[in-house]
Amino acid sequence: MDYLQQLNESQRAAVENTEGPVMVIAGAGSGKTRVLTYRIAHLLNKGVDPFNILSLTFTNKAAQEMKERIGKIVGLANSRNIWMGTFHSIFSRILRSEAEKIGYPQNFTIYDTQDAKNLIKTILKEMGLDDKIYKPNLVLNRISSAKNNLLTAKAYIANTTIQSEDRQAAKPRIGEVYEIYEKRCFKAGAMDFDDLLFKTNVLLRDHPDVLHKYQHRFKYILVDEYQDTNFSQYIIVKKLAAAFQNVCVVGDDAQSIYAFRGANIQNILNFKTDYPEAKTFKLEENYRSTQNIVKAANSIIKHNTEQIEKNVFTSNKEGNKIKIHQAATDNEEGKIVANLIYDTQFSQQARPKDFAILYRTNAQSRSMEEALRRKNIPYKIHGGKSFYQRKEIKDLISYFRIIINPQDEEALKRIINYPARGIGKTTIDKLMIAANNHQKSLWEIVTHINKVDVGINAGTQNKIKGFSDLIKSFSLQIDSKNAFDLASDIASTSGILKDLYSDKTPEGISRYENIQELLNGLKEFTETDNEEEEDVTPRGLVEFLQDVALLTNADNEKEEDRDKVTLMTIHSAKGLEFPYVHIVGMEENLFPSQMSLTSRADLEEERRLFYVALTRAEKEIHLSFATSRYRFGTMMFCEPSQFIDEIDESFIEFTFNKSSTPSPAQLANFDEPYSAQNSYGNRNTSYKKKSTMPSKKNPPPKVIQTTPKNLTKISAASTPPNQESANDLKLEKGMMVNHQKFGNGIIENIENGKASINFQNIGNKQLLLKFAKLSIVK
DNA sequence: GTATTATCTAAGTCT
DNA sequence: TAGATAATAC
């Protein structure tokens with residue numbers, strides 16, 4: 001079999017040892033994906049039924065790509081039936097078919113983080129808890145990590161350690177919130193992301209017949225990125241693999257970067273203990289990067305304590321040193337990066353797709369974006385707010401959700417008054433109270449509004465009736481119409497399209513276009529055959545909705561996006577590779593994140609994250625930092641990251657001179673062209689972190705304020721207000737004025753401090769001059 | 001109940 | 001800075 005010839009010794013061993021537990025420790029760039037694909041191809045070639053293979057990947061995109069690659073080796077007919085996908089998508093599928101066993105409807109809703117947070121807020125309000133103390137995010141995180149450790153609300157409340165933690169944090173009632181949250185989700189027929197794993201565990205625990213069925217279905221189990229699995233995932237794998245023990249886990253402890261999500265690095269460190277028979281294979285040869293990059297990355301990771309011993313090496317050529325760039329501001333950093341990319345495109349005949357800009361936080365994308373746009377360099381931003389999380393998209397999808405699962409309370413609350421139909425907050429509160437009092441779902445109250453006395457007047461009752469009739473009329477068409485036809489019908493009949501169409505602001509137009517795009521996507525979905533099933537029944541909304549909550553932007557990359565510079569967080573860059581990598585924002589408190597500085601474990605995770613970033617690169621790495629940047633709406637001074645110091649200095653090269661570091665006073669002119677500082681060659685190896693950098697220790701003259709988090713704020717000299725409250729302006733009839741949101745308009749009349757303005761885009765508006773932020777155009 | 005504007009507050013990573 | 005929420009006028 002010639003594919004085996006393409007593997008080195010350890011890769012080949014990892015592919016051929018198909019029976020029994022196997023752990024593959026795969027250093028960065030060591031051909032891990034190749035091993036996984038070939039291992040599966042090998043299984044199929046040996047005659048294993050694709051239906052007996054379960055392959056768990058970290059993203060859906062990775063699954064899709066791997067399936068394609070396997071298909072090329074063994075044929076599509078064979079590869080398409082493998083169970084391959086993320087934990088969440090595979091087990092949500094299984095949960096759907098077994099739902100009734102654990103008391104859930106087959107069409108259960110998947111609550112995304114936003115839904116979950118809204119529900120938490122509702123519960124906090126009902127319990128009379130202050131959401132400034134019980135911060136919804138924090139409460140949700142506590143619940144989430146409890147679930148990932150398989151703790152029910154009861155167990156949470158009974159757990160003395162957790163209780164004392166919560167008491168210490170002055171939030172003793174989180175357990176109660178969890179209990180109610182759990183009940184409300186169940187009542188709504190909804191599962192959040194963590195439930196998809198949690199409930200799978202419940203299913204496998206309480207139904208031995210089901211466990212048996214899947215144990216025998218999945219005779220071969222492969223888990224990618226095993227270092228990033230949490231306890232809940234770990235137990236699922238362990239249970240499913242118990243019958244045959246043909247479990248192959250692949251990972252790299254040095255790349256474990258999801259502890260915040262409950263990932264437990266011990267899972268990989270303890271594999272040997274769980275399966276004493278396990279064979280371990282180490283893939284240590286890096287085929288991706290230059291000597292310099294591999295060695296620099298090794299020099300970073302050795303600052304961490306606990307890890308599996310391995311020696312990552314490469315026989316690639318030495319390559320360039322890692323270049324380190326200094327910028328005065330975040331905007332200038334963007335310019336430096338954009339210029340470097342621009343130049344490299346020509347000097348190395350590189351394509352835009354050869355470049356990646358990686359950052360720690362999504363917020364950093366803005367300055368990069370702007371600089372790239374100025375230079376006309378095509379780019380794509382990965383991550384940030386997903387398309388499916390946009391308000392308008394969630395609104396329309398909430399209609400789909402409520403039609404398919406009327407118990408879905410979060411969806412119902414979202415749309416009962418959108419578009420506005422006269423059912424306001426007071427009414428919704430009354431409905432909610434009635435639902436709680438009668439132990440009924442919100443939908444039951446809504447549909448029986450005439451029969452329950454909830455203190456709502458006849459007019460409003462009628463409006464509610466109109467709404468529920470509307471939803472019911474959609475529900476009736478669920479089986480007869482395909483996804484696209486029904487969705488279009490909903491979009492127009494509900495009034496969403498009209499509402500968005502009437503908004504001619506740029507944001508409004510983009511919202512309208514987003515809806516159109518969703519509809520286009522649905523059309524495509526409707527017309528594509530369902531590859532999982534033999535019969536080609538038209539695909540309806542039910543099918544569409546099944547995994548829409550699990551989709552991310554990465555899952556619908558467009559053709560035209562292929563040759564563009566990639567902007568993404570380091571987390572989402574995991575598993576990817578690029579010839580040229582720019583890691584930006586190499587600053588203390590940003591990377592490593594200020595939140596990680598309190599514990600050694602967190603700092604080590606940041607360091608592994610840096611390791612992941614470095615090892616994405618094939619040819620060149622550029623690190624950059626700014627000495628000041630906008631954060632929290634104000635300019636703040638920054639120091640270079642400690643991680644820069646941690647790289648063995650023989651692998652790095654500074655592109656700036658310490659003495660040319662701008663003094664704080666010069667920062668006033670920081671938007672000057674930076675080219676003078678950007679020349680290579682004036683290397684300064686004796687760079688010391690705490691040199692003349694502005695810092696909390698030698699505060700610059702412009703500092704006015706210090707935040708508790710050691711971040712130094714700079715006065716907002718660079719942000720002149722460009723618009724002021726109109727009472728300071730001499731406005732007259734006939735003037736053209738500009739409003740931030742409404743654009744330009746002509747003042748038609750002014751009286752009693754009120755102006756009637758005819759805006760070019762949206763028509764006439766009455767604005768109170770006391771508040772309206774207007775500027776005079778002419 | 002709705003629309004508009006003021007005010008607050010949070011920006012960590014992802015399924 | 002931007003999104004969510006509160007306050008206010010009508």
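**View 1. The seven-strand sheet.** In this predicted model, 7 strands form an open sheet with parallel pairing, in the order β11-β12-β10-β13-β14-β9-β17. Strands here are DSSP E runs of at least two residues, helices are H or I runs of at least four, and both are numbered from the N terminus; two strands pair if DSSP finds at least two bridges between them. β11 (379-381) and β17 (652-654) sit at the edges with a single partner strand each, so one side of each has no neighbour in the sheet. On average, neighbouring strands are turned by 25° against each other, direction ignored.

View 2. β10 (residues 355-359) and β13 (residues 578-583) run parallel and are joined by 4 bridges; F355 has Y580 as its bridge partner in β13. Helix α18 (residues 365-374) packs on the sheet, touching β10, β11 and β12 (565-569), and its direction makes about 160° with that of β11. Contact means heavy atoms within 4.5 Å. Angles run from 0 to 180 degrees between N-to-C directions, with axes fitted to C-alpha atoms, for helices over the stretch in contact.

**View 3. The six-strand sheet.** Another open sheet, of 6 strands, has parallel pairing and the order β3-β2-β6-β7-β1-β8. Its edges are β3 (83-86) and β8 (279-283), each with a single partner strand, so one side of each is left without a neighbour in the sheet. β1 (residues 22-26) and β7 (residues 247-251) pair in the parallel sense over 4 bridges, and I25 has G251 as its bridge partner in β7. Helix α13 (residues 231-241) lies across β2 (53-57), β6 (220-223) and β7, at about 160° to β6.

**View 4. α19 crossing α23.** The axes of α19 (residues 391-404) and α23 (residues 458-475) come within 9 Å and cross at roughly 75°. That makes α19 roughly perpendicular to α23 (65 to 115 degrees). Y399, I402 and I403 in α19 meet L470, I471, F474 and S475 in α23.

**View 5. Around L541.** The largest nonpolar core has 51 residues, and F400, L518 and L541 touch the most other members. Such a core is a set of buried Ala, Val, Leu, Ile, Met, Phe, Trp, Tyr and Cys residues joined through side-chain atoms within 4.5 Å, buried being under 20% relative accessible area (1.4 Å probe, protein chains only). α19 gives the largest share, 8 residues.

**Notes.** Residues are numbered from 1 along each chain as its sequence is written, chains are lettered from A and ligands numbered from 1 in the order in which they are written. Local features need pLDDT of at least 70 and side-chain atom pairs pLDDT 80 or more, while totals for chains, interfaces and linings use all residues; side-chain values use heavy atoms, leaving out hydrogens and water.

Terms used
Parallel < 35°, antiparallel > 145°, perpendicular 65-115°, else oblique. Buried < 20%, exposed > 50% of the residue type's maximum accessible area, 1.4 Å probe, protein only.
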